[in-house]
Amino acid sequence: MKKIKLYIFSFLCLLLFAGSQSKPFMELWADYRVQKLHAPFTRARYGDLYSGCFLSRFMDTSDNIKLKEYRALRNNIDLYIMHDSYLANQLKKENFIGVDSLVLSDLRNKKGVYFKLRKDKENILIIECSERTAEWRLGDSALAFTKFYTTNRLQEVKKVKEPKDKLIKYFFNPFIEQNLEFNLFDYEVFKPVKELKAGLNFYWFNKLPKDVAVSSDKEYLLLPETVNPWKQESSFRGISDNELDKIAVQMKQIKKHYRKLGFKKIFFAVVPNPASIIDQKRMRYNYKIGRIIGRYGTPDDFIDVFKIFEHARKRIYRRDDSHWNRNGIQLWINEVNKKISSL
Amino acid sequence: MLFNSLQFLVFFAFVVSLYYALPHRSRWFLLLLASCYFYMVFVPEYVLILFGVILIDYLAAFLIAGTQGFKRKLSLGLSLAANIGILCYFKYYNFFLDNISLLLNSFHVSNPLPYIYVVLPIGLSFHTFQAMSYTIEVYRGNQQPEKHFGIYALYVLFFPQLVAGPIERPQNLLPQFKKEQIYSSLNLRSGLILMAWGFFKKVVIADRLAVVVDDCYWDPGSHSTGDLWITVLFYSIQIYCDFSGYSDIAIGAAKTMGINLMENFKNPYLSTSLTEFWRRWHISLSTWFRDYVYIPMGGNRMGLKKMCFAILLVFFLSGLWHGAKYTFIVWALIHAFFLILEHILKTKNSDPGNFLSRLLKILYTLLVTGIAWIFFRAQNIGDAFFIINRLFTLNTPHWNELAMNTNELVFSFMLIAVLLSLEKPIKKFTPKSSFTYYSALFTLILICYFFGIFNSRQFIYFQF
């Protein structure tokens, strides 16, 4: 009997271990948890930064504002938006004035998206990225190009071979620690314990987990890389003019490329880091967005919300997340609508 | 695989439960497979190097045992050369080239030899020394060659002590693999308590103090005398908790499977002399050097000059064992110097003394080891001298710019007090009653959870 118990226990451990090693299993399990068990993980239920620190004082549950919707005024415009996490799962065509169809393409999706431009439409493209990722989203033209597929490009992507060390990666998954944490402890029932630990360390020792930073006014959680002046993503890193020139040149190439593909107008939208707006005086701000626009030379090509955000009276970023809230998105959509109507 | 990871905890639960479920004849295979996996998590390919060395030593042992005279010596020599060769290639080749380049540059000649850019196999010095002790013991006739290749491979690869010791002797470990280990709840309980204590030392104390230590050693110039004194103390505690924490987890993990590993630390900071310190610190390495280097050179029976030379040589090798850096060599030579000094003075004053004199002696040991640790931890010798200079300079007015607030500083000192008072009782703790066992275990787990720093920081001795 004892041996049977031991076999069962070791089998369960093996199942947990092997499951946590497997990427496909983890994807299936995560979907199952969200959709069938209605037990979404902390990161999905609360902000991504909250789930990195469990400090309840920063929890932000106020983001239930509905985005404005407009009647479907036909204006013969098809709007394409290449976006990052700031706009993921947020937009509908009705949010934009006079747009016949809205096509979203997530820059983070490595498999790419296929679509075909309609020649009878005015095709407008917005390439959106956050300030912290601007260097490589906009600076590395190859990355931006490969995210936008014609039929041929899609086939090229499909041909990409799996890495040779796939087997090694299966047995030695570098994300096993996170996966085990997810499988064992990422449940609502553990939240109070995690909050207690976080509170003890924060209030007594002023200690935060390495995945988060706190704004100077102690009101917001921030991504640590956006406030660390030694990191590329930082709002406080000294950026040389040469670096900005490089980005501007690449952006011009991107624009040229998409113009050739048939887009009438290409806009760039760089969403300011939360630190750039709410914690600008923390250190010496590098004014990256303004300087990129300056170097690029055609401000009309930008959907620039920096000043609007600076003067916004409402809260535009989430306190527990590295992204904006619906107020921020609405302000951004307003600017897009202004641009579209001015065409 | 790091001990302080969820991955290890699940892996360990799986291995131990299956170990007791399987019949004795299959257990060696489970442990060998588990050990290979454990090692391969770091760099999978390096397990091949390890198996290469295992095969050489396995065959060499038979040659040593089956031959006499020159052939016997040659077999041992070849086996040692293979082990030391691999150690030198990975660990000392670039260091050697650095020195050659420096020498050649002084004659305006460039170094023609290329550097190698490879990751050092984790725990290389540990399993190499363990493998060497096997062939040496066979050569000395204290150990019969192990016929079962799998059991011998397990001797080198046994996962609890594979990457940071204790460096075991074949006489202790091999018979335990062969003996059928019957499940004993006492073994399991004391093993788990020891593991929990090891985790406490690692994640609660060592990794907490590491934040201050790393910050100070990164930029010692920006810290005051007071800060540096605290850092010196903290590093002494950090390295002890880090390394002895690892040893406790290793010994505890093996104990849960009924296997007893040798004790590696015995409260070294309560030693009243450097000589005593080395009987209590990293015992498995110091006895290795004692048995295989110091005693063959003549040991304590030699004249003073020869003995001094032997001590210097042993500590020089010990410094090199830790890494290919001059800082390690200086650290080791400081210890050698004080050991020699103690040997000379011992003849004149061997009185153990009263409480006060004992306390003063402990402080002396702490001071010497603390100062020596500066060389061990500093990025280079220049930094080490800078820190020592500032330690004895009272002209830096600012106070507490450490990377922790006052609450945490006080808490850290409390942890050190807890460590000093509980270290001995915990090791002697035999959890016979379920209540005391579960209370002790859950208290340690809760403290580790609430006050542990979980940043996947490697154990310091992994790099050796």
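Chain B splits into domain 1 (6-180) and domain 2 (186-272 + 352-457), with bounds that come from an automatic or database domain assignment. This is a predicted model, where local features need pLDDT of at least 70, side-chain atom pairs count only at pLDDT 80 or more, and totals for chains, interfaces and linings use all residues. Residues are numbered from 1 along each chain as its sequence is written, while chains are lettered from A and ligands numbered from 1 in the order in which they are written.

The C-alpha centres of domain 1 and domain 2 of chain B are 29 Å apart. Where the two domains of chain B touch, 11 residues of domain 1 are in contact with 12 residues of domain 2 (two residues are in contact if their C-beta atoms, placed from the backbone, lie within 7 Å). On the domain 1 side, α1 (6-21) and α7 (170-178) of chain B each supply at least two residues; helices (H or I, at least four residues) and strands (E, at least two) are DSSP runs, numbered from the N terminus. The largest share of that side, 3 residues, belongs to α1(B).

Now for the two chains: 22 residues of chain A are in contact with 21 residues of chain B. On the chain A side, α1 (2-21), α9 (176-185) and α10 (191-205) of chain A are the elements that give two or more residues, and α1(A) gives the most, with 9 residues.

Still, α16(B) bends by about 45° at B:Leu422, and B:Pro425, a proline, follows within four residues. Here the bend is the angle between axes fitted to the seven residues ending at a residue and the seven starting there. The buried residues of α16(B), among them B:Leu415 and B:Leu419, pack against α10 of chain A as well as α8 (185-218) and α9 (225-256) of chain B. A residue is buried if 20 or more other C-beta atoms, placed from the backbone, lie within 10 Å of its own.

Over in chain A, strand β8 (residues 265-271) is mostly covered, with 6 of its 7 residues buried. Strand β4 (residues 122-130) of chain A pairs with β8(A) in the parallel sense over 7 bridges (pairing takes at least two DSSP bridges between two strands). In β8(A), A:Phe268 stands opposite A:Ile127.

Notes: A residue is buried if 20 or more other C-beta atoms lie within 10 Å of its own, exposed if 12 or fewer, and partly exposed in between; C-beta atoms are placed from the backbone.
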